[in-house]
Amino acid sequence: MGYRPPVPEKLGGMSAGYGLMFTCRGCTRGVCWPMPDLIKRWGEEGRVAAIAARLKCGNCGRRGAAIETVPVRDERATEGDRARSKLEPVDRLMWDLERS
Ligand SMILES: [Zn+2]
């Protein structure tokens, strides 16, 4: 597994080479976003807890995801990549951001 840095308060505080894994507390479906995608979407001032609170699971409807950091250095072989591949296509995640 290796070292994982703590979840930062804001996206700008994330360590390079890591992403965030959001996991539904209800049905354990999850999605991993690499840091560049997160910052593109919410900006460096985006608050991680606020983002997680807004996420709504498209599978069971539960809001408020659990968050952890995941290494995304090697896109082809990381845990995050495997997690993403279970949820293809990425834009139709089990998560509904717009309506939350
Ligand atoms: Zn769920």
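## A turn residue, a partner strand and the sheet around them

Residue numbers start from 1 along each chain, following its sequence as written.

Let's stay with T28 for a moment. The loop between β1 and β2 is where T28 is found. Its phi is positive, at about 65°, although T28 is not a glycine. The two strands on either side form a hairpin, with five residues between them. Strands here are DSSP runs of E with at least two residues, helices are runs of H or I with at least four, and both are numbered from the N terminus.

**The fold as a whole**

How many helices and strands does the protein chain have? There are three helices and three strands, and from the N terminus on they follow the order β-β-α-α-β-α. The strands form an open sheet in the order β2-β1-β3, with antiparallel pairing. β2 (30-34) and β3 (65-71) each have a single partner strand, so they stand at the edges and one side of each is left without a neighbour in the sheet. From one strand to the next, the twist averages 25°; axes are lines fitted to C-alpha atoms (for helices over the stretch in contact), and angles run from 0 to 180 degrees between N-to-C directions.

Helix α1 (residues 35-42) packs on this sheet and touches β1 and β2, with its direction at about 85° to that of β2. A contact means that the C-beta atoms of two residues, placed from the backbone, lie within 7 Å. Of the contacts in the protein chain between residues at least 6 apart in sequence, 71% join residues at least 24 apart.

**How the strands pair**

Strands of a sheet pair through backbone hydrogen bonds, either parallel or antiparallel. Pairing here requires that DSSP finds at least two bridges between two strands. β1 (residues 18-24) and β2 share five bridges, and β1 and β3 share seven. Some of the bridge partners are set out here.

| Residue | Bridge partner | Strand of the partner |
|---|---|---|
| G19 | P34 | β2 |
| L20 | W33 | β2 |
| M21 | E68 | β3 |

T23, which also sits in β1, stands opposite G30 in β2. Is T23 buried, partly exposed or exposed? T23 counts as partly exposed because it has 19 C-beta neighbours inside 10 Å. Leaving aside neighbours within four places in sequence, T23 is in contact with T28, G30, A65 and A66. A65 is 42 residues from T23 along the chain, yet their C-alpha atoms are separated by 5.2 Å.

**Burial and the core**

Of the 100 residues in the protein chain, 25% are buried. Six of the seven residues of β1 are buried, so β1 is largely enclosed by the rest of the structure. In β2, five of the five residues are buried, so this strand is likewise largely enclosed. G30, C32 and P34 point one way from β2, whereas V31 and W33 point the other way.

The largest nonpolar core has 16 residues, among which L20 and F22 touch the most other members. Such a core is a set of buried Ala, Val, Leu, Ile, Met, Phe, Trp, Tyr and Cys residues joined through C-beta atoms within 7 Å. β1 and β2 each supply at least two residues of this core, and β1 gives the most, with five. Not counting residues up to four places away in sequence, L20 touches W33, L38, V48, I67 and T69.

**Where to read with care**

How confident is the predictor in the protein chain? The mean pLDDT is 77, and 70% of the residues reach 70 or more; pLDDT is the predictor's confidence in each residue, from 0 to 100. Residues 87-94 have pLDDT below 50, and this stretch has ten contacts in the model beyond near neighbours in sequence. Where pLDDT is low, the predicted coordinates should not be read in detail.

How values were computed
This is a predicted model: local features need pLDDT of at least 70, side-chain atom pairs count only at pLDDT 80 or more; totals for chains, interfaces and linings use all residues. A residue is buried if 20 or more other C-beta atoms lie within 10 Å of its own, exposed if 12 or fewer, and partly exposed in between; C-beta atoms are placed from the backbone.
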